[in-house]
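Here's a walk through one chain, stop by stop. Have the viewer open and follow along.

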Amino acid sequence: MSDQCISIVLTGDDPPLQRTVVSQPELQPGETLVEILCCTICGSDLHTYEGTRSTPCPTILGHEMIGRVVDLNSELPIRDYLDRPVQIGDRITWSVAVSCKDCEQCRRGLTQKCTRLFKYGHQRLTDQNYLSGGLASHCHLVKGTTIFKVPESLPDQVASPANCATATVMAAFRLAGEVQNQSVLILGAGMLGVTASAVAHAQGAASVIVADIEPARVKRSLEFGATHTVLAKKEQPLHAEIQHLTDGRGVDIVFDMTGVPEVMESGLESLAIGGRMILVGAVYPARPIQLSAETMIRKLLRLEGIHNYIDLDLANALNFLERYQNRYPFQRLSEHAFSLDEVPAAFTESANHRSYRVAILPHQSN
């Protein structure tokens, strides 16, 4: 293995991206060095690159990634989520967030909100941990990172989104509760939306309605278990069509993947008595949503938000992808791949929204 590691750094200045070469890090007890096999560009990466989402700079973007262990410091035993020893050569992924497991938030089970949180792909670079993101040849895993061995049957570009997109969807379903025989409305048919459609369908939902403003994405959701689709129009309230589809009853569960206030408001209007709505997509600045407290009370509605996920959700994400990768065409969601030297072009492709996920293959030649 070369002792040189390459990264594409978001500078926060001009030029925005800079190629850097650093020496392989000296690992401390409990730390691991991973050669990155694949990193897919998440929506938050794109928003940060475009300047609509802030992050400490300089940083290395990219948190949807998998890799192969090339070095580790075994003075402290390194074991995966299932308590299996981690060894050189293992193909792994890992939780985007590393928590201390001891602060008040961690003790409450909100490990993704740890007061000393370390987040891959979101950290300001330091001398102690320079390789903390996926747009690089290697990633330096800190002590306490929860590691998951990737099932052999999962291709790199199918497995890579697990530790953000798929795990976030699994977290949303964990909050929502029982889905079997329930009617489900999914707002937004991007990567999160079509994944949620597949999960709802696989869990036995009575109906899965997917709404989006892009015809191609609405059509694609049918391949991921949607039983009904709605082509949304900006000037027309969505809930009127949902009420028509459900004979005026409304739906039991709404998942919002858009973060658009008008869409979230229509989602609330679409709920049946006793319904629940999980907010996932509102991770960027927007106006406050309007809701009727009286309606919330009289209809016994529940509204919750989910941000990031816990380790269990990533375990469930990998299990879901392994079990259902051939039932739903997840391999078709990441069909464009670029090398590290082509990262600007990869962001341009991601912004076009033709691909659900654009992959960076660091060791691919351009």
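This is a predicted model: local features need pLDDT of at least 70, side-chain atom pairs count only at pLDDT 80 or more; totals for chains, interfaces and linings use all residues.

As a general point, an α-helix has 3.6 residues a turn, so residues three or four places apart point the same way.

The side chain of Arg 357 makes a polar contact with the side chain of Glu 64, at 2.8 Å. Glu 64 also turns up in the list of residues in contact with Arg 357 once neighbours within four places in sequence are set aside. That list takes in Thr 40, Ile 41, Cys 42 and Gly 43, and among the others are Pro 161, Ala 165, Met 191, Leu 333, Ser 334 and Glu 335.

## His 63 and its surroundings

Now go to His 63, which is found in the loop between H1 and S4. With 2% relative accessibility, His 63 counts as buried. Its side chain makes a polar contact with the side chain of Asp 45 at 3.5 Å.

Which residues touch His 63, leaving out neighbours within four places in sequence? Besides Asp 45, the contacts include Cys 39, Cys 42, Ser 44 and Cys 164. Val 96, Tyr 120, Gly 121, His 122 and Asn 163 are also in contact with His 63. Ser 44 is 19 residues from His 63 in sequence, and their C-alpha atoms are 9.7 Å apart.

## Salt bridges

How many salt bridges does the structure hold? The count is 15. One of them joins the side chains of Asp 313 and Arg 174, at 2.8 Å from N to O. This pair links distant parts of the chain: Asp 313 belongs to helix H10 (residues 311–324) and Arg 174 to helix H4 (residues 165–176), and they are 139 residues apart. Asp 313 is buried, with a relative accessible area of 0%, whereas Arg 174 counts as partly exposed at 36% relative accessibility.

Arg 84 forms a salt bridge with Asp 80, with the closest N and O atoms 2.7 Å apart. Here Arg 84 is partly exposed at 35% relative accessibility, while Asp 80 is buried at 7%. In the salt bridge between Glu 214 and Arg 217, the closest N and O atoms are 3.9 Å apart. Glu 214 is partly exposed, with a relative accessible area of 31%, and Arg 217 counts as buried at 11% relative accessibility. There's also a network of salt bridges, which links Arg 220, Glu 223 and Arg 332.

Next, look at the loop between strand S4 (64–72) and strand S5 (91–94), where Leu 82 is found. Leu 82 is exposed, with a relative accessible area of 57%. Together with Tyr 81 and Leu 312, Leu 82 forms a nonpolar patch on the surface, with about 280 Å² of accessible area in total.

Asp 83 lies in the loop between S4 and S5 too. Although it is not a glycine, Asp 83 has a positive phi of about 65°.

Asp 247 is another non-glycine with a positive phi, here about 55°. This residue lies in the loop between helix H7 (238–245) and strand S13 (251–256), and at 77% relative accessibility it counts as exposed.

Where are the cis peptide bonds? One joins Asp 14 and Pro 15, with omega about 5°, and Pro 15 lies in the loop between S1 and S2. Another joins Cys 57 and Pro 58, with omega about 0°. Pro 58 is in the loop between H1 and S4, which is also where His 63 is found.

Note on methods:
Residues are numbered from 1 along each chain as its sequence is written. Side-chain values use heavy atoms; hydrogens and water are left out. A polar contact is a pair of N or O atoms within 3.5 Å; within protein, one must be able to donate a hydrogen and the other to accept it, and residues adjacent in sequence count only if both atoms are side-chain atoms. Contact means heavy atoms within 4.5 Å. Patches are made of residues with over 30% relative accessible area and no salt bridge: like charges are joined within 9 Å, nonpolar side chains (Val, Leu, Ile, Met, Phe, Trp, Tyr) within 5 Å. Accessible areas come from the Shrake-Rupley method with a 1.4 Å probe; for residues, only the protein chains shown count as cover. A salt bridge is a side-chain nitrogen of Lys or Arg within 4 Å of a carboxyl oxygen of Asp or Glu. Helices (H or I, at least four residues) and strands (E, at least two) are DSSP runs, numbered from the N terminus. Buried means under 20% relative accessible area, exposed over 50%, partly exposed in between (1.4 Å probe, protein chains only).
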